[in-house]
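Open the model in your viewer and keep the selection tool ready. The tour goes from one selection to the next and says what is there.

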Amino acid sequence: MDRKRCTLKLLVQPSRGLVDEMFIILVQKAPSGFQLTVHALHKCEDGHSWEAFGHYTADTIGTVNVSEDPSLGGTYSGVEQMGLLWSLRPVPGSKPGLRLRKMNVQIPMEVTISVYQGHQTEGFMDQVPLASVVVERWYMAPGVSRIPITEDGLTATLFLPPGPGPFPGLLDLWGGGGQLVEYRASLLASHGIASLALDYLTAKIIMETGKMVDLQYFEKAYKILEQHPQVHGSSIGMLGLSLGTSITLKMAVYSEVMKLRCAVCISGCHMQPVDGSVEEILKYFNQNADRTRISEENELIWRDVLLPVPSDLAFKVDMGRLKCPLLVVVGEDDQNWPASESAMDMEEMMEQAGNSHLLTVLSYPKAGHLIEPPYTPHARASLFKSLATREKMIVLWGGETAAHSRAQEDAWRKLLVFLKENLYSGSNPGTTSLSHL
Amino acid sequence: MSPPTSPILSVQPTRGLVDEKLKVVVESLPPGSPVTLHSLHHSEDEDYWEAFGHYVSDFRGMVSVSEDLSFGGTYTGKEDMGLLWSMRPVPGSRKGLRLRKMNVCSPMLHNISVYSGHVSEGFREQTPLTSVLVERWYMAPGVKRIDIMEKGVRGTLFIPPGPGPFPGLLDMWGGGGGLIEYRSALLASHGYVSLAMDYFNSQELESADLEFKYFETAFNIIKEHPQVIPDRVGMFGLSLGSLVTMHVAAESTIVKPRCCICVSGSHFYPNTFFCIAENNHHVWRDMWIHLLDDPSKKVDVGKINCPILLVNGKDDQNVPADECAEDIALLMNAAGNGHLLSRVLYPDTGHLIEPPYSPHFRASNFKAAGVATKTVMLLWGGQTKPHSDAQEDAWRKILSFLQHNLYSSTPPRAKL
């Protein structure tokens with residue numbers, strides 16, 4: 001195609017969107033029946049390059065609409081409006097075991113969307129595309145305030161939505177990798193929920209004293225939210241993923257201080273020493289470390305370490321005592337935690353206790369452990385630094401990319417509805433503003 | 001104790017370009033309740049601008065600005081963008097203000113809020129039910145901004161993202177002078193390499209002398225840029241910039257613009273800017289009418305041989321744009337190139353026809369660069385609602401004209 005006469009137009013709307021917003025990609029004025037590749041390129045904070053691409057054929061008027069037309073091949077196929085984001089993978093030659101996580105939420109992810117001639121699968125960086133645009137994907141809506149919290153020995157960040165408030169609140173906990181991971185909390189604040197991301201494994205106080213935190217640490221975080229002038233104290237929920245679910249369930253059932261209005265547990269389980277804090281929970285997990293398996297690709301499979309589900313009530317949270325609504329999200333291909341088995345046992349316990357009306361389980365076939373906000377790449381396995389051994393190894397999380405990405409999209413939408421229904425009063429699920437999702 | 005019912009306000013997109021439409025929806029209100037939707041902007045000059053509309057929620061407790069009617073405020077009726085175009089300085093502000101974004105690398109921020117009841121004043125003293133912050137950008141992501149200081153030309157070049165090559169535009173504002181970048185940034189966001197020029201500055205030029213070579217040099221800077229298609233460079237002018245555009249298109253033997261857009265322009269050369277005071281506002285329109293009879297004072301538009309689009313407001317109090325457009329048509333028809341001319345004329349529309357959804361100013365403070373030594377209050381004209389409609393319609397027609405003449409591979413035609 002003559003570059004000087006090339007009139008092909010590429011449009012992506014919105015050009016600046018939130019991470020959980022869909023976008024529309026339109027290619028126009030291509031020659032009729034033209035074969036082209038739509039390509040996405042992202043350079044992450046660690047300096048690695050990620051790419052995704054789909055093969056399309058323009059229609060008789062020279063248009064390709066990614067939300068309506070099928071991709072005939074590439075890193076995704078079929079009609080996949082957001083395939084260019086969720087199927088992003090490290091470019092050939094990258095080091096193995098990478099995982100894409102945004103640590104600085106105050107600036108957006110930048111993705112370059114380009115159109116290349118023909119159905120291509122490699123060598124994109126050595127060619128000049130026919131057209132390209134830059135798209136920003138934000139974890140923080142305009143007006144969301146980011147407030148580091150260091151009082152009471154906490155290592156946390158509070159994200160407040162714009163406006164006068166008061167807002168419902170949420171404690172947001174990640175898993176065994178530690179660090180202060182902010183992106184989910186900032187995204188939830190962008191949806192009107194004052195969210196506190198809490199580091200409870202690598203917090204400053206742990207680094208300084210060499211000791212794990214006790215349960216009061218979490219209660220202090222709860223109090224920060226409860227007492228905040230812009231947070232509605234009796235509208236606080238808790239969300240945990242992986243190890244974060246262990247803490248969430250423990251606090252939801254046993255804490256005298258925390259009066260949670262609702263809880264969300266993603267890829268977790270209720271098996272833990274009922275009388276222990278973080279340290280005891282971690283020890284309990286490690287005692288069966290010999291049940292670790294290794295996959296054919298040399299990836300660590302940890303799900304058996306927590307199995308079988310014990311019948312001894314000293315080692316699982318007494319779900320019958322739960323008093324608030326609970327949303328449990330499970331990937332059926334979770335290779336890291338036995339989330340499915342745990343969900344089944346929790347359901348049984350609650351049925352016997354008569355409080356199963358509080359429980360909703362979302363179980364996704366072929367989804368893995370890392371069920372994250374939608375339209376972000378799926379990591380089936382990645383490098384994981386064990387806090388106990390300080391070793392880095394490749395851990396198998398599980399999940400088949402397309403199914404896992406669908407699960408992320410569906411779970412996120414349902415999670416937002418669940419939180420809004422339970423944290424706001426008087427709102428009907430039907431009127432919740434989710435039109436942009 | 002259960003949490004209070006909180007209405008939910010959603011504005012999409014939260015980060016959009018200034019010419020993109022907003023979708024403003026409020027949910028979870030009590031059914032049938034009166035509310036006020038309010039927008040507040042704190043300008044770079046530290047002034048506050050606001051707009052508001054009075055609405056009533058439906059049986060579901062919802063208000064949708066694009067579908068419901070406003071019954072009072074700074075705009076009424078079904079106006080999906082009323083919260084932006086009807087903005088005006090808050091009570092107590094300085095007089096004669098004009099809202100212009102000078103730093104295009106950062107967005108304009110608007111606080112959109114919902115107040116209980118139909119409120120018309122004292123917004124700052126009340127707490128809204130809810131509010132969100134919205135960003136409005138003149139620059140799309142990936143657009144590059146480059147300072148130009150070469151061959152005596154001072155300006156800013158904006159380049160769209162992507163490999164190119166792209167069509168180009170020389171973008172010129174009016175007699176106020178200075179380097180105004182926002183329209184160029186927006187044009188680059190639509191795929192045009194655009195050079196905003198500072199050409200009317202008392203340091204560089206003498207009074208109303210317009211250096212011909214300066215514009216030819218500037219045009220060539222764009223044309224010779226590696227990411228520009230050399231035979232697809234046009235010119236875009238407003239007010240005095242229109243005069244420059246027509247002059248260069250008619251007289252230059254070096255520069256051949258592919259097409260021209262002239263907004264609120266006249267085709268005659270004023271000798272001096274003299275002012276007639278009227279209602280304390282300086283009205284320049286009428287003083288120029290008599291010059292129409294003198295051909296030596298006019299651009300020889302018969303020599304223009306590229307498609308040209310004239311965009312004018314019938315209530316332009318600064319320049320007799322309507323009468324000029326008529327005269328230009330006569331002259332071009334007589335020369336046999338009338339088929340290249342397209343004209344749009346908007347009723348009740350003033351001089352400052354800007355990108356859409358920006359507020360309208362019937363009059364504002366003006367300091368003519370290098371000519372007047374004091375600031376005067378200049379009457380631009382136009383009534384807010386029709387003027388805003390004109391801005392929205394004109395922008396769409398301008399983009400379509402540019403797309404057709406600079407992007408399309410078929411030979412350009414003048415008619416839209």
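Which residues point one way from β9(A), and which point the other way? Ala131(A), Val133(A), Val135(A) and Arg137(A) point one way, while Ser132(A), Val134(A), Glu136(A) and Trp138(A) point the other way. In a regular strand the side chains alternate between the two faces of the sheet.

Before the next selection, some notes on how to read the model. This is a predicted model, in which local features need pLDDT of at least 70 and side-chain atom pairs count only at pLDDT 80 or more, whereas totals for chains, interfaces and linings use all residues. Residues are numbered from 1 along each chain as its sequence is written, chains are lettered from A and ligands numbered from 1 in the order in which they are written, and side-chain values use heavy atoms, with hydrogens and water left out.

**Stop 1: strand β9 of chain A**

Select residues 131–138 of chain A, which form strand β9. Strands (E, at least two residues) and helices (H or I, at least four) are DSSP runs, numbered from the N terminus. Eight of the eight residues of β9(A) are buried, so the strand is largely enclosed by the rest of the structure. Buried means under 20% relative accessible area, exposed over 50%, and partly exposed in between (1.4 Å probe, protein chains only).

- Strand β2 (residues 16–18) of chain A runs parallel to β9(A), joined by three bridges. Here Gly17(A) has Arg137(A) as its bridge partner.
- Strand β8 (residues 109–117) of chain A is antiparallel to β9(A), with seven bridges. Glu136(A) in β9(A) has Glu110(A) opposite.

**Stop 2: Asp172(A)**

Select Asp172(A), in strand β12 (residues 167–173) of chain A. Is Asp172(A) buried or exposed? Asp172(A) is buried, because its relative accessible area is 0%. Its side chain makes a polar contact of 3.4 Å with that of Trp174(A). A polar contact is a pair of N or O atoms within 3.5 Å; within protein, one must be able to donate a hydrogen and the other to accept it, and residues adjacent in sequence count only if both atoms are side-chain atoms. Not counting residues up to four places away in sequence, Asp172(A) touches (heavy atoms within 4.5 Å) residues including Arg184(A), Leu188(A) and Leu239(A).

**Stop 3: chain B**

Show chain B, which has seven helices and 21 strands. Of its 416 residues, 64% are buried. End at Leu69(B), in the loop between β6 (63–64) and α1 (82–85) of chain B. Leu69(B) is partly exposed, because its relative accessible area is 40%.

Conventions:
Two strands pair if DSSP finds at least two bridges between them.
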